Amino acid sequence: MTRFGTCPLCEAVCGLELQVADGRVTSVTGDALDPLSRGHLCPKAVALPDIRDDALRTPVRRTATGWELIGWDEAIGLVVRRLVDIRRTHGADAVGVYQGNPTVHSLGAMTHGGGFLGMLGTRNRFSAGSVDQLPHHLVSYLLYGHQMLLPVPDIDRTGYFLVVGANPMVSNGSLMTVPDFARRRRELAARGGRMVVLDPRRTETAKVADEHHFVRPGTDAALLLAMVRVILSDGLANPPSYVDQIDQVRAAVEPCTVDWAAAVSGVDATVITRLATEFAAADGAACYGRMGVSTQRHGALCHWAIQLLNIITGNLDRPGGTMVTRPAIDLLRISSPGARARWRSRVRGAPEFAGEFPVAVLAEEITTPGAGRIRAMVVSAGNPVLSTPDGATLGKALAGLDFLVAIDFRITETSRHADVVLPPTTPLERDHYDLIFHALAIRNTARFSPAALDKPETARHDWEIFRDLGLRYRKHFRGNRLAALRLRLTPARIVDLLLRVGPYRLSLRVLRRNPHGIDLGPLTPALPRRLRTPGKRIRLAPPPLVDAIAGIQAPQGLLLIGRRHLRANNSWLNDVARLTRGRPRHHLLMHPDDLAERGLAHGDTVCVRSAVGEVRVPVTATDDIMRGVVSLPHGYRAASANDLTDARVLDPVSGNAVLNGVPVSVSASAPPT
């Protein structure tokens, strides 16, 4: 039997053609008729059946002798009882919440997770958003009035694509859903367009670019602001009529000369000037930055500068530039616009954004004594011990909690500390509609994917887990009646209602009749109508960002950056046998001259040390990495970059974790004793 679905493992949301026999998926290929992915598929999707085979199916409770299977009713009752007791004894903020990246890849977690977690009444909420994307949301909130108003490159029509600290050849886009980027890169070249990459590593994307320049980690903001200065000082700006504060930006970037930026970033001043001039003159240009510029000390400044480049050159809301989407379910109507610094964390005083604290402060909020200390955690679809800074310290903190419940279908580095694990169904057993990634895609489409396989009798969907937790918890703390009512609806029913009130007046019935999805057309101009700012105006110079320019400095010493692999997805999938065959991927990349300077050689096992930890790992010599820079991926048990990242260091504007530009030393590893 042939079924059609969507791969929910990453942001590319590729269409799938699945062959199903005897209750199993026997073949996974790309759906050639999907209007967005056009038949593209990466190796991760082929592993979807493996994920199902390895999953927990019933709850487990930790005991002195190991994990013990328990029934659903007993498990739900135990979790609710412990959460209620801790709240009554210590207050609502004694319970913390962490939501991992897979939340946004699950329809049920999106429709029902917030209902239950909101009932907890805690301000101690954390998520993977402050690991790698908070600068995007903060800048969109400050400029456009809504954290989810995220312009994406109109890659299918652009003439000049400037990529800063991003690797879409591997990721197929992030906060830019662009499946089969490789083909789109070829199409860009065929129409005479150019792609320029700025990155401290010659990434897979840099290798197919027209031009690549090494840039020192953590200095992208200097380079980008210098480009803004060139455009403004040379009279090349052409901003839209609904933009204010050009003069304030001009004054703010006056110190950001190309000579200063060159000294800080390592990119020649003549190159910076030329790139700015080319970008301003291009017939449709888009600047895009992602992990390399999001997860550094000046992440918010980087994304502000990226938006400034797109705006002042007239490329915002222009075909071939950067545009906002018009999804069938409008996120702007159903999500919070964002807010900043309404309250601060207890220990460090870090500001909240959109109701969440930076996850880098989580460990100290658990371990520091005093009123308001986190004593219990609900961890949903996340593995923060692997995916957040200084995971070793966080793991020790989680082990000291009074109670921890994990909603996860595996025992991970995080859920192993849980008192109870509640396992949801796996992706092939769930209905799916992408609430988030349709809203970030380079083309407007809509697709609903019914579950390809029936769930086992003993299993529950994540939305059923959240429903049962919420309805039982509400017996003790009366909360939002609307949230309780919403918990009783199925995800499919909620999607149907949202589609019917959306801009295209679709319905679930219509999408079911179109199993490959519906093409709703290319991105179209939508500003200033879609802005959520006073007077529908963009004010270019938010004080927190302007004030932060003075803090830009050239980093010193050897600097660590991360990297992504096509067969992995953050801390997911690094233990799936099908995807981990061959040479281990957690080796360190280092320039040959840097190795020789330390008396080291290709293939040596080296010790990498930071302010918080150390790892021993094989090293690979390559001139694909800039001198003074080393690269190690995160999410691997044997050696992870997050064994070295420092939770004490944050982007001072957004509060995002700093995972790139981390000072380290590399030396010969002593043999084991």
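Predicted model: local features only at pLDDT ≥ 70, side-chain atom pairs only at ≥ 80, totals over all residues.
I started with the open sheet of four strands, which has the order 11-10-9-13 and parallel pairing.

A reminder to myself: strands of a sheet pair through backbone hydrogen bonds, either parallel or antiparallel.

Strand 9 (residues 160-164) runs parallel to strand 13, and five bridges join them. Which residue of strand 13 is the bridge partner of Val163? I found Tyr288 there. I turned to what lies on the sheet and found helix 8 (residues 181-190), which packs on it and touches strand 9 and strand 10 (194-198). The direction of helix 8 makes about 125° with that of strand 10.

**Two helices**

My next stop was helix 11 (residues 258-265) with helix 12 (residues 269-281). They pack at an angle of about 115°, and their axes are 8 Å apart. I noted the crossing of helix 11 and helix 12 as right-handed. Which residues meet here? From helix 11 I listed Val258, Asp259, Ala261, Ala262 and Ser265, and from helix 12 I listed Ala269, Ile272 and Thr273. By class, this contact of helix 11 with helix 12 has five nonpolar, two polar and one charged residues.

**A hairpin**

I moved on to strand 2 (residues 15-21) and strand 3 (residues 24-30). They pair in the antiparallel sense, over six bridges. I looked up Ala21 and found that its bridge partner in strand 3 is Arg24. The hairpin has two residues between the strands, and there Asp22 takes a positive phi near 55°.

**One leucine**

My last entry is about Leu56, which I found in the loop between helix 2 (48-53) and strand 4 (60-63).

What does Leu56 touch, leaving aside residues up to four places away in sequence? I wrote down Asp408, Phe409, Arg410, Ile411, Val421 and Pro423. I also checked Leu56 against Thr426: they are 370 residues apart in sequence and 9.4 Å apart in space, C-alpha to C-alpha.

Notes. Residues numbered from 1 in each chain as written. Heavy atoms only, no water. Contact = heavy atoms within 4.5 Å. Axes fitted to C-alpha atoms, helices over the stretch in contact; angles between N-to-C directions. Left-handed = near helix turned anticlockwise from the far one by under 90°. Nonpolar A, V, L, I, M, F, W, Y, C, P; charged D, E, K, R; others polar. Pairing = 2+ DSSP bridges.
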